[in-house]
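Subject: Handing over the structure

Hello,

I am passing this one on to you, and I hope you enjoy looking through it. Please open it alongside this email.

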Amino acid sequence: MCGIAGELRAQGAVNGHDIAAMCATIAHRGPDSAGLWVDGPIGLGVRRLAIIDLVTGDQPLSSEDERHRLVFNGEIYNHRILRRVLEQRGHRFRTNSDGEVVVHGYEEYGEGIAERLDGMFAFALWDQRSRRLLLGRDRAGKKPLFYRPGPRFLFGSEIKAILRHPSENGLVEPSVWPEYFLLGYVTGGRTFYRDIVELPPGHTLAVDAHGHERSRRYWSLPFPAERPSELPEGEAARVVHDLVVQAVEKRLVSDVPLGAFLSGGIDSSIVVGVMSRLSAGPVRTFSIGFAGDPAFDESAAARTVADHFGTRHSELVVGADSVADLEALLGAHDQPYGDSSAIPTFIVSRLAARDVKVVLTGDGGDEVFAGYERFRAALLAERLPMLVRRAVAPLARWMPAGNGHYHWTTRARRFLDSLGTDLPWSYLRWQAIFPLEELRELMDGADVSHALRGFEAVFDASRGGESLHRLLHLNFSTYLPGDLLVKLDRTTMANSLEARCPFLDPALIEFVGTLPPAYLTRGGQLKRILKRAFADLLPPPILQRPKHGFGAPLAAWFRGPLREYVSDLLLGPAPLLREHLNAALVRRLCSEHLRGQRDHSARLFALLNFEVWLRALRAGSARTGARVTA
Amino acid sequence: MTRILRVLTRLNVGGPAQHAVFLTERLQDADFTSLLAAGAVNREEGDMTWLATQRGVPVIPVPGLRNEAGRIADLRAFVNLYRLCRVHRPDIVHCHTFKDRILGAMAARLAGVPATVVTFHGTPFRGHFTGLTAKVVLSADRFVGQRLAHAVIAISERQREELIELAIAPPERVHVVRIGLDLRPLLSAERVRGELRRELGLSADALLIGAIGRLVPIKRLDDFLTAARRVLSSTARIVRFVVVGDGGERRALERQARELGIASHVSFLGWRYDLARVYADLDVVALSSASEGTPACLLEGISAGVPVVATGVGGVPDIVEDGVTGLLVPAGDPGSLATALLRLVNDAELRRQLGARGRKFVFPAFDVATLERNMRTLYRTLVRD
């Protein structure tokens, strides 16, 4: 796994120091080696974490005639097959690196190489003869790729690489703030910086020598499927089983030690179970627990699974004694990121990185097999007649405010609250950090309707589909690339660890897309087909366990060990956010939470991120680089 | 942020190439970025580009830059160096060997690079060249040191004095920054002990004496072989010699070994990448050079706990104290070299003592981490001024 960066200039020559500086900012993504290639208008850089082909896999890779140069981040799971096909067509490979198939594949198929790759990747390929740079990103958005358009076209695996370039002034884009406070992330490839955008998943982008770009979508989620499957449920479950096993097997290819995150939930347990079946020795598994907080502590369940499969299990029980952890996490992101479940992921990544370089995870299982409660709730709400819903919804206000994310009153309140609207808003209510009314207040009464636009556009695109499919599509296109995969990439890469997600396997996703919605969820049961497919693999207590998010007891931490940190940042002498947000509301939320009246931890986390980001911005603009004056 | 463009005539095997690769690798962060540019390695020399590849250090090629004289190639190299300075706009150009020192410093000045640093890894006007060539080389280096460079780096105190004495640069601009090598892996070399002996088919009681370096005249390996002959004829113990390295002299040296009748006792191993394995099995490291800067083989040998016998040239006395951490002999005197080697052959206790004492004199003083720290400090001063 690696980090890449580079520049394409319409005029003048690229300065190698600029590329080296960009790469230095993402050295954590690839501590093993670096690569740099600069030639006139083009500069490519890479930091490499050696996973496959430790010896000859150094980058940039080039074609036989050196016409094409490639920097590549990720893993190609079908590289052996592609390589065989390409070799039969006369291509000669110089290395054993999986990335080299992109170079020869481009020679053979042009841009079409992207759809032939099965894996997680972000790449940049320079075609010397046609003076063209091609960027590409995997289907689900596992590997990040940002760019800054223009006559000095810049790209990088993380925003910080682009910000480091001397030609980038890092102007911020306040129009994305409302969406951030609504969702915790920003949709549609926009970022907190005016000129920096993200290449959307499943896209390639061709940039010519003048900096003109043309993007192409090479893949989209097949919901609704063109040809729905007519397989009986039992048959379909068998196919799901086989596809999951294959997806895990593909991801076990590695020249370095490999393990798995284990939460005790269904998805990671299936991954670990399948790994155990496929591996000769015991699988290395990693989990964390939270001392004294049963609502969040899944370590007992993880241990059950670990014992069941006889894994070599490492467990770390954490408290919130370390503000440094939180700061390190915030530093791993270049812009505010509102999902506090990044905290446990960050800690478990650090734990795993001590022993292995690669982990398999259960991420994506909820996306593909409809595992979120918000799906069930939204679908249930949809069944009730609108009149009933409108009548019942106001009851939400009468419900006592539960103190805890999984408390039944909290959930009931949220459900009642979501009844008053249609899809996808009833679904959004489950996710929203600041619901619309509060968002307006936070933004000092500004118009925040545009915060919903990205969301609406994605939902509209699936018009005509089944409700569940539409929700899955919406979640897959917004939450997955914007939140879940960002969390996974930044937290693992900050610890120089590679994460692989079998449930995001394209063959699996495409098959599940053909199944009737009832196979996925029926009678209030989520992930039906997946549970059926692996009923004989998992220990029964795990199969029957209710859904748990991978969260941290943030509410308690904010009232306890992190209390001072939170107060200092949000209430202290001069929070920067008060220049942009309703300071009175922020104060109220803080004090309500700290006094234990309400659980505002998600909101406070989002605000905290925002404040830390504003401070970093200010510090950055004040810093002046040392220059030689002699 | 300070941008360094590091220039090396070629990445041939030896201390300077390692030094340059390590510095380029390590000076990449929020304070510094580094680029490494080098010419092509002569076919007869050992190529150390593999180290750059292994450490993930990209090398920017400089067409025309090479060690041999040649007016057209030099002009080409000069133009290319100038171009590199214009494109990459470094704050500091740092040159490490003779050719790049001359061409690089001039190109940097002409291109308006704010600061130029030159390191003298050895003193080429002594030993390498003679007569008129030596005079030309000396005046070229004086021109660079007096007129072009903002800082001149000597790799030892002794060398600093020499550079000042030869009027290469004014004293206030000559700094001492010792070279740095990746010595850590050698500190635990004993873990791989026995592997080289097995490869050579040697018994555990045989003594193994090694010379490591480029096979070029300045290293005087002919003296090493002559000394080897004397050692073999004066002891009853089983002694074997290895020569690790390659170069233009290899054939002549192999012929000499045959003529001396010691061919079966001397193994020419060529270049080896598994240095820890080599040093782990050596009982003595020998150095017969006529001129040296700070020889890498001594630093490596001492780090691995191997006693050394060396000619007391250049910076050698800075790392070997005669009779305390090793034995020093005069250059060009194979008789003395043989006597010193015999002393060690016959005295296991002395070998143990010298080997044990040497380490703390070279580590961490000559470790790459120390080098990095010192160089950062020097660059910062330059940038400030």
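Below is what was found, taken chain by chain. Please keep in mind that this is a predicted model.

**Chain A overall**

Chain A contains 28 helices and 17 strands. It has 630 residues, and 54% of them count as buried. Of the contacts in chain A with a separation of 6 or more, 71% are between residues 24 or more positions apart.

**How the two chains meet**

Chain B gives 25 residues to the contact between the chains, and chain A gives 20. On the side of chain B that touches chain A, at least two residues each come from β1 (2–10), β2 (32–39), α3 and α16 (368–384) of chain B. β2(B) gives the most to that side, with three residues. By class, this side of chain B has 12 nonpolar, eight polar and five charged residues.

**The two domains of chain B**

Chain B is split into domain 1 (2–182 + 367–384) and domain 2 (184–362). Taken over C-alpha atoms, the centres of these two domains of chain B are 29 Å apart. Where they touch, 23 residues of domain 1 are in contact with 21 residues of domain 2. On the domain 1 side, the elements that give two or more residues are α1 (15–26) and α6 (157–165) of chain B. α6(B) gives the most there, with three residues. That side of domain 1 consists of four nonpolar, 11 polar and eight charged residues.

**Two helix pairs in chain B**

From α3(B), the contact is made by B:Asp74, B:Ala77, B:Phe78, B:Leu81, B:Tyr82 and B:Cys85. α4(B) brings B:Leu103, B:Gly104, B:Met106, B:Ala107, B:Ala108 and B:Leu110. These residues divide into 10 nonpolar, one polar and one charged. As said above, α3 of chain B also supplies at least two residues to the side that touches chain A.

The second pair is helix α12 (residues 296–303) and helix α15 (residues 348–362) of chain B, with axes that come within 7 Å and cross at roughly 120 degrees. α12(B) and α15(B) are therefore oblique to each other, and α12(B) passes α15(B) in a left-handed crossing. Here the contact is made by B:Leu299, B:Ile302 and B:Ser303 of α12(B), together with B:Gly358, B:Arg359 and B:Val362 of α15(B). By class, this contact has three nonpolar, two polar and one charged residues.

**Backbone details to look up**

Most residues other than glycine have a negative phi, and most peptide bonds are trans.

- The peptide bond from B:Phe363 to B:Pro364 is cis, with omega near 5 degrees. You will find B:Pro364 in the loop between α15 and α16 of chain B.
- A:Ala370 is not a glycine, yet has a positive phi of about 60 degrees. A:Ala370 sits in the loop between α12 (365–369) and α13 (373–383) of chain A. It counts as buried because it has 25 C-beta neighbours inside 10 Å.
- A:Ser496 is not a glycine either, and has a positive phi of about 55 degrees. Its place is in the loop between α20 (479–493) and β17 (498–500) of chain A. With 19 other C-beta atoms within 10 Å, A:Ser496 is partly exposed.

Best wishes

Terms used: Residues numbered from 1 in each chain as written. Chains lettered and ligands numbered in written order. Predicted model: local features only at pLDDT ≥ 70, side-chain atom pairs only at ≥ 80, totals over all residues. Contact = placed C-beta atoms within 7 Å. Helix = DSSP H or I, 4+ residues; strand = E, 2+ residues; numbered from the N terminus. Nonpolar A, V, L, I, M, F, W, Y, C, P; charged D, E, K, R; others polar. Domains from an automatic or database assignment. Buried ≥ 20, exposed ≤ 12 C-beta atoms within 10 Å, placed from the backbone. Axes fitted to C-alpha atoms, helices over the stretch in contact; angles between N-to-C directions. Parallel < 35°, antiparallel > 145°, perpendicular 65-115°, else oblique. Left-handed = near helix turned anticlockwise from the far one by under 90°.
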